[in-house]
Amino acid sequence: MKGEVTVNTWNDRFQHEKYVYGTEPNVFLAEMQKKLQLAGDALAIAEGEGRNAVFLAEQGMNVTAWDYAQSGLEKTKRLASLKGTVVQTDLIDLNEAQWKENKWDEIVCIFGHFPQQLRQRTLSGVKKAIKPGGYFVTEVYSLYQLPYKSGGPQDLDFLYRPEEFWTIFSDWRIVHFFMGEVVRHEGELHNGLSHVIQFVGQKPTN
């Protein structure tokens with residue numbers, strides 16, 4: 001979910017030929033992939049039109065993309081084909097997602113925004129589903145984003161607080177944590193100075 005909109009809103013938005021967030025990966029994700037040399041089985045949640053999932057597949061990972069807009073998943077497959085790679089797609093409502101324990105080497109969430117209760121459920125699911133030694137990589141808008149008007153939900157309930165990561169992942173190794181201003185130019189909907197939270201955590205191996 002990405003803000004105060006319905007499934008049909010996102011499905012309609014992604015119907016158009018143009019990729020509303022562009023086709024290039026999120027800058028932070030690309031930096032972390034280069035730094036960590038992510039590999040193996042990756043899951044991209046709330047993935048939209050697939051730009052980040054396709055990027056990870058291009059790096060040699062086995063990638064699955066979850067979203068609840070069928071039109072976004074179709075564009076994910078189209079982009080993967082154009083880039084000469086493959087992404088598995090699953091139509092998933094995160095309210096009903098089944099998180100299998102120790103299934104993924106990496107889980108990625110780039111600007112996936114949900115109401116607070118679903119956000120807690122999703123982050124807890126992510127924690128469960130990553131294999132020991134695996135990583136969670138995310139960049140999302142913080143609770144301070146509202147006045148920036150550069151993208152993201154216009155509802156405070158959908159924006160992230162730093163303590164959510166510190167609490168849920170308190171027993172993980174924090175590889176990277178940042179909250180503050182960045183500039184993002186990602187398609188039509190993410191443009192300009194923004195206030196984000198970046199988190200990379202590694203699941204303990206014992």
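Helix α3, residues 51-58, lies across β1 (41-44), β2 (62-67), β4 (104-110), β6 and β7, and runs at about 175 degrees to β2. Helices (H or I, at least four residues) and strands (E, at least two) are DSSP runs, numbered from the N terminus. Axes are lines fitted to C-alpha atoms, for helices over the stretch in contact, with angles from 0 to 180 degrees between N-to-C directions; contact means heavy atoms within 4.5 Å.

Please note that this is a predicted model, in which local features need pLDDT of at least 70 and side-chain atom pairs count only at pLDDT 80 or more, while totals for chains, interfaces and linings use all residues. Residues are numbered from 1 along each chain as its sequence is written, and side-chain values use heavy atoms, with hydrogens and water left out.

To stay with α3: seven of its eight residues are buried, so the helix is largely enclosed by the rest of the structure. Buried means under 20% relative accessible area, exposed over 50%, and partly exposed in between, with a 1.4 Å probe and protein chains only. The buried residues are R51, N52, A53, V54, F55, L56 and A57. After α3 comes G60, with a positive phi near 100 degrees.

I turn to the sheet. Seven strands form an open sheet in the order β3-β2-β1-β4-β5-β7-β6, with mixed pairing; two strands pair if DSSP finds at least two bridges between them. At the edges are β3 (88-91) and β6 (173-186), each pairing on one side only. The twist averages 15 degrees from one strand to the next.

Within this sheet, β5 (residues 130-141) and β7 (residues 190-202) pair in the antiparallel sense over seven bridges. V137 stands opposite V200 in β7. Helix α5 (residues 116-129) also packs on the sheet, touching β4 and β5, and its direction makes about 150 degrees with that of β5.

Finally, the salt bridges. How many does the structure hold? There are eight, each defined as a side-chain nitrogen of Lys or Arg within 4 Å of a carboxyl oxygen of Asp or Glu. One of them joins E24 to K83, with the closest N and O atoms 3.9 Å apart. E24 lies in the loop between α1 (7-13) and α2 (27-36) and K83 in the loop between α4 (70-82) and β3, so the pair ties together parts 59 residues apart in sequence.

K75 and E49 form another, at 2.6 Å between the closest N and O atoms, and both residues are buried. E139 bridges to R184 at 2.9 Å between the closest N and O atoms.
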